[in-house]
Amino acid sequence: MKKWLWTPFVYVAGKKALVLGWLVMGVTACLSFFSRTHFDGVLDVHVGMSRPLPLYFLEQFISWSSAVLLFYLVGRVSSDSSIRSIDVAGTLALSRWPMIFVSLISFGFPHNLDIRHIDPVWVLLSLLEVAFVVWMVALMYNAFTVSCNLKGGKATRVFILALMLSEILSKILFYLIYKPVL
Amino acid sequence: MPINKTFPNECPACGSALRVTTLSCASCDTTIGGSFELPALSKLPAEDFQFVLDFIKCSGSLKIMAQQMGLSYPTVRNRLDEVISKIVAIEKQSGKKST
C-alpha cells in the first residue's frame with residue numbers, strides 16, 4: 001500500500017500511466033471548474049475566479065506538459081540510461097493525482113473570498129491543500145528518478161533544477177494565456 | 001533431501017574474487033588442476049545472475065520481462081542498467097589483475 005502511495009511507478013509507467021494520468025487530469029479539471037480551483041503553474045493552486053470550462057483543461061495540460069518537457073530534457077542530459085519520453089510523460093501525468101483532493105478541498109472555501117477576513121477554517125483548508133501539493137511533488141520526484149534512472153544527490157539536484165525551470169516555463173505560458181483575459 | 005547449494009563467487013574470509021583451481025569430470029573422475037578465471041557472469045550475485053538468465057529467456061525484451069515480473073518498463077530497465085554496471089566493474093577489476 002505504501003509503495004502504491006509513494007512509488008506507484010515501480011509498477012505502472014509508459015502508456016498505461018499516461019492514460020490513467022490523463023483521466024485523473026480530466027477529472028481534476030471538471031472538479032476544479034465547479035470549485036473554481038486554478039492550477040496555473042506546475043506547483044500552483046489558487047481558488048477564486050470562475051472561468052470557462054476549457055480553461056481548466058488547458059491549465060492541467062500546460063502544468064503537465066511544461067514539467068514533461070523540462071524533466072525529459074534535463075533527464076536526457078544528466079542520465080546515462082536510455083530514457084523514454086512516454087515514461088516521463090506517463091509517470092508525471094499520474095503524479096498529478098493528489099490534485100483531485102485539492103479540487104475537492106476547495107469546495108470548502110466560500111464563493112466570495114475576502115482576504116481581509118481570514119477564517120481559521122480557510123487556513124486549515126489551505127494547509128491541507130499544501131500537504132497534497134507536497135505529496136504531488138514527492139510523486140513527481142519518484143516519477144523522475146524511475147523514468148530517468150537517477151539516484152541520490154544528483155537526482156535531487158537535477159530534480160530541483162527541472163522543477164524550477166518547468167515552473168518558470170508554465171508561468172510564462174499562463175501569463176501569455178491570461179494576459180488577454182486580464 | 002538434496003541441499004540447494006549456492007555458487008560462491010567471493011571468498012568468505014576476505015571477500016576477494018575466487019578462482020577455479022580444480023575441475024573434475026563427473027563420469028570418469030578425471031581431475032584437472034590449474035588456476036582459471038571465472039567468467040564475469042558467474043561473478044555476479046545470484047539474483048543478478050538469475051535476472052540475466054530471465055532476460056535472455058525473454059529474448060532480451062524488457063517489455064516481456066516487465067510483464068512477467070509485474071513491474072514497470074523503466075524499473076526493469078534500471079535493474080538491467082545496474083547489472084550492466086556491475087559487469088563492467090567486474091571486467092575492469094579482472095583486467096587490472098591480469099595486467
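## Salt bridges

Seven salt bridges are counted over all chains, each being a side-chain nitrogen of Lys or Arg within 4 Å of a carboxyl oxygen of Asp or Glu. The model is predicted: local features need pLDDT of at least 70, side-chain atom pairs count only at pLDDT 80 or more, and totals for chains, interfaces and linings use all residues. Side-chain values use heavy atoms, with hydrogens and water left out; residues are numbered from 1 along each chain as its sequence is written, and chains are lettered from A and ligands numbered from 1 in the order in which they are written.

One bridge joins A:Asp87 to A:Arg84, with the closest N and O atoms 2.8 Å apart. A:Asp87 is buried at 0% relative accessible area. A:Arg84 is partly exposed at 23%. Buried means under 20% relative accessible area, exposed over 50%, and partly exposed in between (1.4 Å probe, protein chains only).

## A bridge between chains

B:Glu82 pairs with A:Lys151 at 3.2 Å between the closest N and O atoms. This pair crosses between chains: B:Glu82 sits in helix H3 (residues 73-98) of chain B, and A:Lys151 in the loop between helix H6 (120-148) and H7 of chain A. Helices are DSSP runs (H or I, at least four residues), strands likewise (E, at least two), numbered from the N terminus. B:Glu82 is partly exposed at 34%, while A:Lys151 is exposed at 57%.

## A network in chain B

B:Lys43 and B:Glu37 meet in a salt bridge of 2.3 Å, N to O. B:Lys43 is buried, at 13%; B:Glu37 is partly exposed, at 40%. Salt bridges link B:Arg19, B:Glu37 and B:Lys43 in a network.

## Shape of chain B

Chain B has three helices and two strands, in the order β-β-α-α-α from the N terminus. Its radius of gyration is 17 Å, whereas a compact globule of 99 residues would have one near 13 Å. That radius is taken over C-alpha atoms, and the globule rule is 2.2 Å times the number of residues to the power 0.38. The C-alpha trace spans about 45 × 40 × 25 Å along its principal axes. Of the 99 residues in chain B, 26% are buried.

## Cysteines

No disulfides are found over all chains; the test is a pair of cysteine sulfur atoms within 2.5 Å. A:Cys148 is buried at 0% relative accessible area, and B:Cys58 is buried at 4%.
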